[in-house]
Amino acid sequence: MTTEIALIEEYVNAGTLRIEWRDLDFFGEDSERAARAAWAAGQQSMFHEFHGALYGDGEQLTPADLTEEALLEVAEQFGLDTATFSADMESAEAADWVEANVDEASAIGAFNTPSFLVNGQPLAGALPAEEFEAAIELAAETAPYDPAADPAADPAEAG
């Protein structure tokens, strides 16, 4: 079981943790294109599936994995409307979304990938589940998460 799945099962499903993704262009044009593609998949309610197909196994992606053609193939695998996907991926809205994510990451000091915040405390890198669990347990004790008080909480994304 991956760390992500373990955290979802233990903490997201219990309402203790909310997970958000921010796709950034840390590696230039290729990762910027992949971030726009993930956003485009999200417009067809397939963000998590698309993101998982790109990054789920943790393998380092090459530029060949992130060409427009390769990203379209992934979209096809999930049955996305590829014309809409392509238009969304190339839209100003997708570019604005990536730019906003980059700005937010910069503002909070997230300069590594992956980067995490647990109750405002940064965790950098692909860490073992135990390190996340310790941070989440501490946060739950000191400042329990209240989805009703969180304007960013989206009940449709909660699990």
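Predicted model: local features only at pLDDT ≥ 70, side-chain atom pairs only at ≥ 80, totals over all residues.
Which residue follows α6, and is its phi positive or negative? The residue is Gly 109, and its phi is positive, near 80°.

**The overall picture**

The protein has seven helices and two strands. Reading from the N terminus, the elements go α-α-α-α-α-α-β-β-α. Of the 159 residues in the protein, 30% are buried. Take the contacts with a separation of 6 or more: 60% of them link residues 24 or more positions apart.

**Helix α6**

Back to α6, which covers residues 92-108. With 17 residues at 1.5 Å a residue, this helix should span 24 Å, and the distance between its end C-alpha atoms is 24 Å, which agrees.

Which side of α6 is tucked away? Its buried residues are Ala 94, Val 98, Asn 101 and Ala 105. Looking down the axis of α6, you'd find these buried residues within an arc of 60°, so they line one face of the helix. The spacing has a simple background: an α-helix has 3.6 residues a turn, so residues three or four places apart point the same way. On the other side of α6 you'll find Ala 92, Glu 93 and Ala 107, which are exposed. As for what covers the buried residues of α6, that includes α2 (29-42) and α5 (82-89).

Asn 101 deserves a stop of its own. This residue sits in helix α6, and because its relative accessibility is 3%, under the 20% cut-off, Asn 101 counts as buried. Leaving aside residues up to four places away in sequence, Asn 101 touches Arg 22, Asp 23 and Leu 24.

**Helix α4**

Now for α4, residues 68-77. Which of its residues are buried? They are Ala 70, Leu 71, Val 74 and Ala 75. These residues cover an arc of only 145° around the axis, which puts them on the same side of α4. Glu 69 and Glu 76, on the other side of α4, are exposed. The buried residues of α4 pack against α2, α3 (47-55) and α5. Just after α4 there's a glycine with a positive phi: Gly 79, at about 70°.

| Pair | Angle between axes | Axis distance |
|---|---|---|
| α2 and α6 | about 115° | 9 Å apart |
| α3 and α4 | roughly 130° | within 10 Å |

Start with α2 and α6. With that angle of about 115°, the two helices are therefore roughly perpendicular to each other. Their crossing is right-handed. On the α2 side, the contact is made by Glu 32, Ala 35, Arg 36 and Trp 39. On the α6 side, the contact residues are Glu 93, Ala 94, Ala 95, Trp 97 and Val 98. Two of these names came up above: Ala 94 and Val 98 are among the buried residues of α6.

Then there's α3 with α4. Their axes cross at roughly 130°, and that makes α3 oblique to α4. The crossing is right-handed here. Phe 50, Ala 53 and Leu 54 of α3 make the contact with Leu 71, Val 74 and Ala 75 of α4. Leu 71, Val 74 and Ala 75 are also among the buried residues of α4.

Note on methods:
Residues numbered from 1 in each chain as written. Heavy atoms only, no water. Helix = DSSP H or I, 4+ residues; strand = E, 2+ residues; numbered from the N terminus. Expected span 1.5 Å × (residues − 1). Buried < 20%, exposed > 50% of the residue type's maximum accessible area, 1.4 Å probe, protein only. Arc of directions from axis to C-beta. Contact = heavy atoms within 4.5 Å. Axes fitted to C-alpha atoms, helices over the stretch in contact; angles between N-to-C directions. Parallel < 35°, antiparallel > 145°, perpendicular 65-115°, else oblique. Left-handed = near helix turned anticlockwise from the far one by under 90°.
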